[in-house]
Amino acid sequence: MNITISIKSIENRMESLNNFFMLKMQNKLLDKVQEENAANKMSKLFKGNQNDYYVSMKEEDGHQIEMNKIQRKKVFLSGSEDEEERLPTPTLIVNKEENKQIQVYQNQENRNSDILDEVPTQENIDGLNGSPQFELSPLSIPTGKKKSKTKKNKLKKKKVKHQALPFNWNTYKFLLHYPLQHLKLTILVNVLIVLSAVAQMLLPWILGRLIDEITKNVEQAQQSGSNPENNNKGSQNVVIDEELHSTLSKQFLYVLIAYTILSLVRAFINQIWQEMIYNDMREDVLKSFLSFDLTFFHTYRNGEIISRMTNDLQSAKSAVSGNIILLIRNCCLTIFNIIILFALSWKVTLAILAPMPIFIVLGTIHTKMAKKFEKLGQEYQAKLTTLADEIVSGVVTVKSFCTEEFEIKKFHKQLDLNIKLAQKRGVNTGCYQASSALFTQLGSLIVLWYGGKLAMNSSAELSAGDLTTIILYSLQLSSSSSDISESFAKIVSATGAFEGVLDMLKWESLVKEAPDAIDHITPTGEIQFKKVVFSYPNSQVQVLKGISLKITKGEYVAFVGPSGSGKSTIMHLLERFYDPQSGSIYFDDMNIKQFKLKALRKSIGLVSQDPVLFEGTIETNIVYGTENYTKDDFEWATKAAGVWQFVSDKFKFPHGFDTFVGEHGYTLSGGQKQRIVIARALLKRPKILIFDEATSALDAESEFQVQSAIDELIQKGSKNITVLVIAHRLSTIVNCNRIIVLQNGVVAEQGTHQELLNNPDGIYRQLVERQISGVIDSKDNDGDSEAQ
Ligand SMILES: Nc1ncnc2c1ncn2[C@@H]1O[C@H](COP(=O)(O)OP(=O)(O)OP(=O)(O)O)[C@@H](O)[C@H]1O
């Protein structure tokens, strides 16, 4: 499937490119390409697609494609109305000047496809006439047709597959800063490793000497026993040798005790050290994730985020603690073993080391495969966690729609992938372990055969003790060298797993604080929107189209309008969950971008449709996020929100404010939860209070209670707090100072309830009439049914 894209059509598309994309492309991809001009051109190419895409970039350094440098970024593109405007997918863009490639994937599954099979055709390139920098080509979507396998294509495919695997030193360097944060402990653990390795090394040596002494004694005893004339002399020799024998035995015992103690202390400190590293990692990652804007949480799924924070970090921890310890220990042992073996007999040592190259090759293959499988395993794990999260959190829907079987099948399908992966992993590990066992035994055979020959020849180059020592050291050597490969494989694969976390950590929030942002703000509650234009980052649809409005201090304003008209979006912009693409929002005469995010958000109390409660008591949930408050503040907030009233019922709440709310507040009713959330918002003493459909999810009784609390609050405190309400039930907002009607992202009309009702063609009036007729209809229906 080939396409031709004229520069003209690209220019047209460029006009409608939203700022998010420009920023995204510049920040995420084009900081590598480092040309703004290039950014604009590439951005254009993504416009108008309706599916989800993954955008990745890889650098081509001569013939070397560095897959490690891929920056994968999930990009959702919302569709263009115009079919003609859509680009075929997936797409490969080649930056000729920079010798870099950018790929657009249609979906996650295609991510690993051999997309480099396709090189841009001349026809595609013609489509970008006038663009000196880019070549553009659609990438192959499997059509059943045989691909043309040119030499070049084959070469590229090979390179990509090969390059996806190597150990990424930069990732590991990043990970290594964690043990370095605990330098003293790290040094201590390593010293203990070296000492225990030395102790371990001494044991075979003493054993060899002991055997030599025993054989010498036995020989001498036999000689003296067979010659009666030497009886006295012989018995004297035996006594002297027995002393040496017991000295060596004692030495062996001391070294053994030292080795045991060292191993014990090392294991103990190692455990604490590892946990400290793991904690640091988890804390850092959580800190980073929480510093990202909301788009991050909308881009990655919950399950994926949780899986990265748990499974991937667990592997990463072992890469920089447990496995690195093993690696260091085994490296020490291997070096010591080789040195001692050479000292004992260089000939036997060379014979033992002869099969080593084969072993190294096998180890390298095993390591590469292990990394590949680990990365895949982490992806599967993330998907499983996501699935489980969806099923558990949507359990009511699952049960109500009787889709248990369907969900189990979906889960099973994912589990099957794990089994298939486990089979591949099993083959890889099995082959490696079998070959390593084979080489170990071969090593012993070489020592016995060749070493035995040297011991038995006329010059008796080796004693029985030497031979035993060599056997023990060669066994240690083969086990330590195979363990090197094993622990290195684990480090490499864990590093691979951590790359997923790193990808996430590279996220650049679009909402940024100015370096000179103000920490302490005292807004009066006056808000102004000036020509605010906004689209969500993952969408091209303009939600707000140049909104301008002013809300005065202490005003009680309601936002109404059809679903999707942008009411909640206005509130999101006030909190700076997102920034508008153009236009500004002011608190008094200060642009909200001039404030620190925390300061800004602390001045706003938000009560949304779904009350979110955390594990703890009613009190801990109310004071959540507020550090400085008095007893009076607490009493005022809880009374104003109507919490005091229901908590005072000693029969239902014998523990009062200390009542545990359970996970997500399951022990409370919807209305009670919502009132706790209102009290939480009030305790902040906000200057702006937002109710975003705060009562719409409640039943009639709960709604009445919460609405009464809100009304009372507004009547008592409306002079000090600006109250913004989004409401679908218009009966709840008739007393507002002003009602702003939004439609299609613009302010369609505004005024008091009465003023708006007076406009016979007004949207508000229509909304009211529709609701009244709905109520009347439902009453009529009730009446009918009753009559029936
Ligand atoms: N995170 C998001 N990403 C992309 N688009 C979004 C996102 N949130 C909302 N939208 C879209 O923005 C538009 C306005 O949404 P908004 O929630 O502001 O509407 P609303 O007027 O509050 O609607 P409702 O009354 O149904 O809550 C809708 O078309 C919606 O699909």
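The legends below describe close-up views of a predicted model.

**Figure 1. Overall content of the predicted model.** The protein has 788 residues, of which 48% are buried. Its secondary structure comprises 25 helices and 16 strands. Among contacts with a separation of 6 or more, 77% link residues 24 or more positions apart.

**Figure 2. The shell of residues around the ligand.**

Figure 3. A side-chain N or O atom of Thr 569 is 2.4 Å from an oxygen atom of the ligand. For Ser 563, the distance from a side-chain N or O atom to a ligand oxygen is 2.5 Å. Gly 564 takes part through its backbone: one of its polar backbone atoms is 2.9 Å from an oxygen atom of the ligand. Taken alone, the ligand exposes 630 Å², and the protein buries 65% of that.

Figure 4. Is Arg 576 buried or exposed? Its relative accessibility is 1%, so Arg 576 counts as buried, the cut-off for that class being under 20%. The side chain of Arg 576 makes a polar contact of 2.7 Å with the side chain of Asp 579. Beyond its neighbours within four places in sequence, Arg 576 is in contact with Val 511 and Lys 512, and also with Ile 592, Lys 593, Phe 595, Leu 597, Leu 600 and Arg 601.

**Figure 5. The open sheet that contains β10.** Four strands form an open sheet in the order β8-β7-β10-β11, with antiparallel pairing. The edge strands are β8 (542–551) and β11, each of which pairs on one side only. Strands β7 and β8 run antiparallel and are joined by seven bridges; in this pair, Phe 529 has Leu 549 of β8 as its bridge partner. Strand β7 (residues 527–535) is also joined to β10, by five bridges and again in the antiparallel sense. Here Val 533 stands opposite Ser 582 in β10.

**Figure 6. The hairpin of β10 and β11.** Strand β10 pairs with β11 (residues 590–591) over two bridges, in the antiparallel sense. Phe 587 stands opposite Met 590 in β11. How many residues lie between the strands of the hairpin of β10 and β11? There are two residues between the strands, and in this hairpin Asp 588 takes a positive phi. Asp 588 is found in the loop between β10 and β11. The phi of Asp 588 is near 55 degrees, and the residue is not a glycine. Most residues other than glycine have a negative phi.

**Figure 7. Asn 744, in the loop between β15 and β16.** Asn 744 is placed in the loop between β15 and β16 (746–751). Its phi is positive, at about 50 degrees, although Asn 744 is not a glycine. Asn 744 has a relative accessible area of 55% and therefore counts as exposed, a class that requires over 50%.

**Figure 8. Arg 738, in strand β15.** Arg 738 is found in β15 (residues 738–743). Arg 738 counts as buried because its relative accessibility is 14%, which is under 20%. The side chains of Arg 738 and Glu 555 are joined by a polar contact of 2.9 Å. Leaving aside neighbours within four places in sequence, the contacts of Arg 738 include Lys 550, Ile 551, Glu 555, Tyr 556, Val 557 and Ala 558, together with Gln 750 and Gly 751.

**Figure 9. Gly 443, in helix α15.** Gly 443 lies in α15, which covers residues 404–456. With a relative accessible area of 10%, Gly 443 is buried. Along the chain, Gly 443 and Ile 471 are 28 residues apart, and their C-alpha atoms are separated by 8.5 Å.

Key:
Residues numbered from 1 in each chain as written. Predicted model: local features only at pLDDT ≥ 70, side-chain atom pairs only at ≥ 80, totals over all residues. Heavy atoms only, no water. Buried < 20%, exposed > 50% of the residue type's maximum accessible area, 1.4 Å probe, protein only. Polar contact = N/O pair within 3.5 Å; in protein donor to acceptor, adjacent residues only side chain to side chain. Contact = heavy atoms within 4.5 Å. Areas by Shrake-Rupley, 256 points an atom, 1.4 Å probe, with all protein chains shown as cover. Pairing = 2+ DSSP bridges.
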